[in-house]
Structures are given as structure tokens and as C-alpha cells.
Amino acid sequence: MAELAFFSGTMDCGKSTLALQIQHNRSARGLLGLIFTRNDRAGAGRISSRLGLVAEATEADEKFDFHAHLVRHLTAGGRADYVIADEAQFLSPEQVDELARVVDDLGIDVYAFGITTDFRTRLFPGSQRLIELADRVEVLQVEGLCWCGARATHNARTVGGRMVVEGAQVVVGDVAGGGQEAPRGEVDYEVLCRRHHRRRLTAAAAGAGQLSPEVLPPEGVPGQR
Ligand SMILES: Nc1ncnc2c1ncn2[C@@H]1O[C@H](COP(=O)(O)OP(=O)(O)O)[C@@H](O)[C@H]1O
Ligand SMILES: Cc1cn([C@H]2C[C@H](O)[C@@H](COP(=O)(O)O)O2)c(=O)[nH]c1=O
């Protein structure tokens with residue numbers, strides 16, 4: 001039976017890499033997938049992994065109707081064995097409903113990939129709907145790490161190097177190099193453990209350029225960090 005699977009995690013935990021691996025393994029076995037994305041850092045109509053892999057994809061903007069697109073594709077004699085939707089956090093709840101219809105009405109597997117929460121720790125509407133509807137929600141196994149060594153569970157946004165908790169929900173960007181000074185006004189992201197996200201303590205703010213043995217173990221000394 002076809003399924004709607006949501007692969008989620010923080011930024012930089014390997015979601016796009018996994019999406020491209022799934023695509024590679026399936027196409028190597030003669031299966032044909034349709035790949036969609038929205039607002040990838042590499043530009044419109046692209047799905048890119050920090051490991052260097054890039055593939056073409058259909059840009060699913062806010063007006064895009066997944067179900068209608070698939071119906072048109074199949075009616076025109078096209079084939080679709082599965083669907084990949086990267087950056088799925090940016091989809092509207094209605095578009096996630098359309099993906100569920102692709103699974104249920106057309107019998108096509110849908111694999112969606114996206115971050116769960118934004119820089120304020122709030123669910124993205126698309127991710128919320130995916131969590132509500134998915135047959136399977138998988139948290140990626142390659143754990144990103146906070147500068148303290150604990151598992152990174154949250155995404156922080158920095159502007160000019162300082163962590164912010166107000167602003168537009170969507171600002172396309174990348175994770176910055178560990179602790180380097182950012183140009184004024186530049187938006188970057190950093191993954192943190194919840195404790196340091198709550199305290200707005202990024203690597204730069206903590207003076208921890210990179211993970212060092214002194215900050216391990218992840219639990220640290222209670223009350224100290
Ligand atoms: N130079 C590198 N060598 C090995 N692994 C890397 C390198 N750069 C990035 N990665 C891996 O790629 C992951 C990010 O993959 P990516 O698919 O771009 O993440 P996401 O889509 O979740 O933001 C990192 O967590 C890391 O494991
Ligand atoms: C936390 C957060 C992230 N974004 C943007 C930044 C990136 O363009 C993507 C996530 O991409 P990745 O492949 O998972 O690294 O989302 C945003 O717009 N708003 C946020 O709060």
C-alpha cells in the first residue's frame with residue numbers, strides 16, 4: 001500500500017542527501033519518481049545536498065497543486081512510481097493534503113523531507129500538517145550537534161552573528177561556519193540543543209568556535225551551561 005512518509009529533523013541533518021539517495025536507489029531499479037522542492041538554497045528547481053549532490057526538481061510554488069499535477073501527468077501517459085518533496089516545511093497545509101490524496105487516490109508513495117520547527121521553535125504549517133497526516137514520521141539518524149556536544153534539536157537564526165527570535169518565518173539561508181564572525185545584517189542559521197536555544201547561546205556567544213573535548217560530555221555540569 002502506498003504511504004506518505006515525512007523525514008524530518010533540524011537543518012543540516014542530511015534530509016536532502018537522503019532524498020537524493022532514495023531517488024538514486026529507486027531509479028537504479030527502473031522506478032520513475034517526480035521530484036519537487038520549494039525555495040532550495042541552490043535556487044529554483046533544484047534539490048541540493050551539502051555533500052555536493054544536486055538534482056533537478058520541479059519548483060512547487062504556493063499556487064502549485066500536487067494532486068492536479070500528478071493527475072495531468074498520468075492522464076498524458078506519464079509514469080510516476082513515487083514522489084519526493086524536499087523543503088516540505090514551506091508547503092501549505094492544503095498542499096500537504098494534496099500529497100495525501102496522491103497517496104490515497106493515486107496509489108503513489110510520497111516521501112517528504114523538511115525541518116519541523118522554525119527559528120522560534122514553532123512548527124512550520126507544512127510540517128505540522130505532515131505530522132498530522134503522515135503514515136510514518138522518521139527523525140533522521142545522523143544527529144547534528146550543538147556546540148556543547150549535545151544533540152542539536154532546534155534551529156537558531158542569527159542576524160549579523162546575534163541570535164534572534166523575531167522576524168519572518170521564512171528566510172532562505174544556510175548554517176554558518178562554527179563561531180565565525182558574520183557580516184552585519186547577514187542571516188545565518190545554527191543548530192543548537194534546546195538548553196542553549198532557550199538561553200540564546202550560540203557558539204559565537206559562548207566563545208566556542210568549534211566543539212572541543214572541554215565541552216563534552218553532552219550533559220555537561222548541571223547549572224553551568
Ligand atoms: N564535507 C563533508 N563531509 C562529510 N559529510 C558532510 C560534509 N558536509 C556536509 N556533510 C554531511 O551532510 C549533512 C547535511 O546534508 P544535507 O542533505 O545538506 O542536510 P539537510 O538537507 O538536512 O539540511 C551534514 O549533517 C553532514 O553529515
Ligand atoms: C529555521 C528556519 C529555516 N529556514 C530556511 C533556511 C533554509 O533555507 C531552509 C532549511 O533548509 P535545510 O536544507 O533543512 O538546511 O529553511 C527558514 O526559512 N526559517 C526558519 O525559521
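## Basis of the model

Two strands are taken to pair if DSSP finds at least two bridges between them, and helices (H or I, at least four residues) and strands (E, at least two residues) are DSSP runs numbered from the N terminus. The structure is a predicted model, in which local features need pLDDT of at least 70 and side-chain atom pairs count only at pLDDT 80 or more, whereas totals for chains, interfaces and linings use all residues. Residues are numbered from 1 along each chain as its sequence is written, while chains are lettered from A and ligands numbered from 1 in the order in which they are written.

## Strands and sheet

Strands E9 and E11 pair in the antiparallel sense over six bridges, and within this pairing Arg157 stands opposite Tyr189 in E11. Strand E11 covers residues 187–192, and because five of its six residues are buried (20 or more other C-beta atoms within 10 Å of the residue's own, with C-beta atoms placed from the backbone; 12 or fewer make a residue exposed, and values in between partly exposed), E11 is largely enclosed by the rest of the structure.

An open sheet is formed by six strands in the order E5-E2-E6-E7-E1-E8, with parallel pairing. Its edge strands, each of which pairs on one side only, are E5 (58–59) and E8 (136–139). Strand E1, residues 4–9, pairs with E8 in the parallel sense over four bridges, and Phe7 stands opposite Glu138 in E8.

## Domains and their contact

The domain assignment, whose bounds come from an automatic or database source, gives the chain a domain 1 (4–139) and a domain 2 (154–206). The C-alpha centres of domain 1 and domain 2 lie 26 Å apart, and the contact between them takes twelve residues from domain 1 and 13 residues from domain 2, where two residues are in contact if their C-beta atoms, placed from the backbone, lie within 7 Å. On the side of domain 1 that touches domain 2, the residues divide into four nonpolar, four polar and four charged; here Ala, Val, Leu, Ile, Met, Phe, Trp, Tyr, Cys and Pro count as nonpolar, Asp, Glu, Lys and Arg as charged, and the others, Gly among them, as polar.

## Ligand surroundings

A residue is placed near a ligand if its C-beta atom, placed from the backbone, lies within 6 Å of the ligand. On that basis the residues around ligand 1 are Met11, Asp12, Cys13, Gly14, Lys15, Ser16, Thr17, Ser49, Arg50, Leu51, Val142 and Gly144, and by class this shell has four nonpolar, five polar and three charged residues.

Ligand 2 is surrounded by 16 residues, the closest being Met11, Asp118, Phe119, Asn155 and Val172. Helix H1 (15–28) and strand E9 (154–159) are the elements that give two or more residues to this shell. The shell around ligand 2 has seven nonpolar, four polar and five charged residues, and at least three residues come from each of domain 1 and domain 2.

## The annotated position and its surroundings

An unreviewed UniProt entry places the feature "active site" at Glu87; UniProt positions are given in the numbering used here, feature names are shortened, and annotations may be inferred rather than shown by experiment. Glu87 lies in the loop between strand E6 (82–85) and helix H3 (93–106), and it counts as buried because it has 25 C-beta neighbours inside 10 Å. Leaving aside neighbours within four places in sequence, Glu87 is in contact with Thr37, Arg38, Asn39, Asp40 and Gly114.

Asn39 sits in the loop between strand E2 (33–37) and strand E3 (46–48), where its phi is near 60 degrees, a positive value in a residue other than glycine; with 16 C-beta neighbours inside 10 Å, Asn39 counts as partly exposed. Ala85, in strand E6, is buried, with 31 other C-beta atoms within 10 Å. Apart from neighbours within four places in sequence, Ala85 is in contact with Phe36, Leu91, Leu99, Val110 and Ala112, and its C-alpha lies 9.3 Å from that of Thr58, although Ala85 and Thr58 are 27 residues apart in sequence.

## Other loop residues

Cys148 lies in the loop between E8 and E9 and is buried, with 22 other C-beta atoms within 10 Å. Cys148 and Gly114 are 34 residues apart in sequence and 24 Å apart in space, C-alpha to C-alpha.

Arg200 is placed in the loop between helix H5 (194–198) and helix H6 (203–206), and its phi is near 55 degrees, a positive value in a residue other than glycine. Arg200 is partly exposed, with 14 other C-beta atoms within 10 Å.
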